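Trainee: I'm new to this structure and would like a close look at one part of it. Could you pick a single helix and walk me through it, along with what surrounds it?

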Amino acid sequence: MKVTLKDALNIPNLMGYFRLILIPVFAFTYLTARSRPQYIMAVMFLALSALTDVFDGPVARYYHMVTELGKFLDPLADKLTLGVVFLCMTTRFSWLWLLVGLYIVKEGFMGIMGLITLKVKKTKLDGAMWFGKLCTAASFIVMLLLLLFPKMPVTAANILILICGAIMVFTLIMYIFKFRIMWKTASKPV
């Protein structure tokens with residue numbers, strides 16, 4: 001992947017860098033929060049990250065700024081943001097360890113199969129699938145709800161976490177089928 005300075009510094013990629021910078025800012029703000037306004041500040045950082053995630057793709061496509069770096073940077077920022085949010089929030093919601101485990105399995109599978117499929121079959125996923133986007137959106141929504149309502153009853157929080165976990169399992173299963181299809185239909189290596 002050859003990256004030019006113009007591509008590296010285009011607006012969508014700058015939004016991706018900004019999202020990466022927001023990760024430690026969110027983590028510090030959340031982990032040191034002791035009052036509702038401090039939790040709201042953490043929510044604002046996460047919402048700002050989600051907002052830039054919503055707009056970076058459409059901006060890249062509309063202004064013809066789609067780059068290989070951007071295709072790598074956007075999902076990387078998603079994965080790191082969600083992973084850090086999940087880890088930070090395990091300090092308040094113990095059932096979030098379930099999501100951390102599922103997340104590691106899902107992302108590990110995606111990474112390993114992506115590399116194997118690219119190396120052996122010379123093919124890769126062409127962007128995020130709808131079920132992957134659903135999983136990311138559901139995860140962000142659940143995390144935002146848990147952030148906005150830090151005193152949410154444990155039962156309600158656990159139900160949200162289980163729903164998010166079910167969506168994550170569904171997404172993993174769908175990606176297993178997708179990689180299986182890719183494996184069967186990709187041309188044999190030369």
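**A close look at helix H3**

Mentor: Happy to! Helix H3 covers residues 36-62, which is 27 residues, and it reaches 39 Å from its first C-alpha to its last, close to the 39 Å expected at 1.5 Å a residue. Keep in mind as we go that this is a predicted model.

Follow H3 along and you will find a bend of about 25 degrees at Phe55. A proline, Pro58, follows within four residues of that bend.

Now let's turn to the buried side. In H3, the buried residues include Tyr39, Ala42, Val43, Leu46, Ser49 and Ala50. Further buried residues of this helix are Thr52, Asp53, Asp56, Gly57, Val59 and Ala60. What do the buried residues of H3 pack against? Their partners are helix H2 (11-32), helix H4 (68-89) and helix H6 (130-148).

Leaving aside its neighbours within four places in sequence, Asp53 is in contact with Arg19, Asp74 and Asp78.

Next comes the surface. Phe18, Leu48, Leu51, Val54 and Phe55 form a nonpolar patch there, and together they have about 440 Å² of accessible area. H3 gives the largest share of this patch, with four residues. Phe18, for its part, sits in helix H2. Its relative accessibility is 34%, so Phe18 counts as partly exposed.

Finally, look just beyond the end of the helix. Just after H3, His64 takes a positive phi of about 55 degrees, although this residue is not a glycine. That is worth a second glance because most residues other than glycine have a negative phi. His64 lies in the loop between H3 and H4. Is His64 buried or exposed? With a relative accessibility of 73%, it counts as exposed.

Elsewhere in the chain, Lys122 also has a positive phi, near 60 degrees, and is a residue other than glycine. Lys122 is found in the loop between helix H5 (96-121) and H6. Its relative accessible area is 61%, so Lys122 is exposed.

Note on methods
Residues numbered from 1 in each chain as written. Predicted model: local features only at pLDDT ≥ 70, side-chain atom pairs only at ≥ 80, totals over all residues. Heavy atoms only, no water. Helix = DSSP H or I, 4+ residues; strand = E, 2+ residues; numbered from the N terminus. Expected span 1.5 Å × (residues − 1). Bend = angle between axes of the 7 residues up to and from the residue. Buried < 20%, exposed > 50% of the residue type's maximum accessible area, 1.4 Å probe, protein only. Contact = heavy atoms within 4.5 Å. Patch = residues over 30% accessible without salt bridge, like charges linked within 9 Å, V, L, I, M, F, W, Y side chains within 5 Å. Areas by Shrake-Rupley, 256 points an atom, 1.4 Å probe, with all protein chains shown as cover. Salt bridge = Lys/Arg side-chain N within 4 Å of Asp/Glu carboxyl O.
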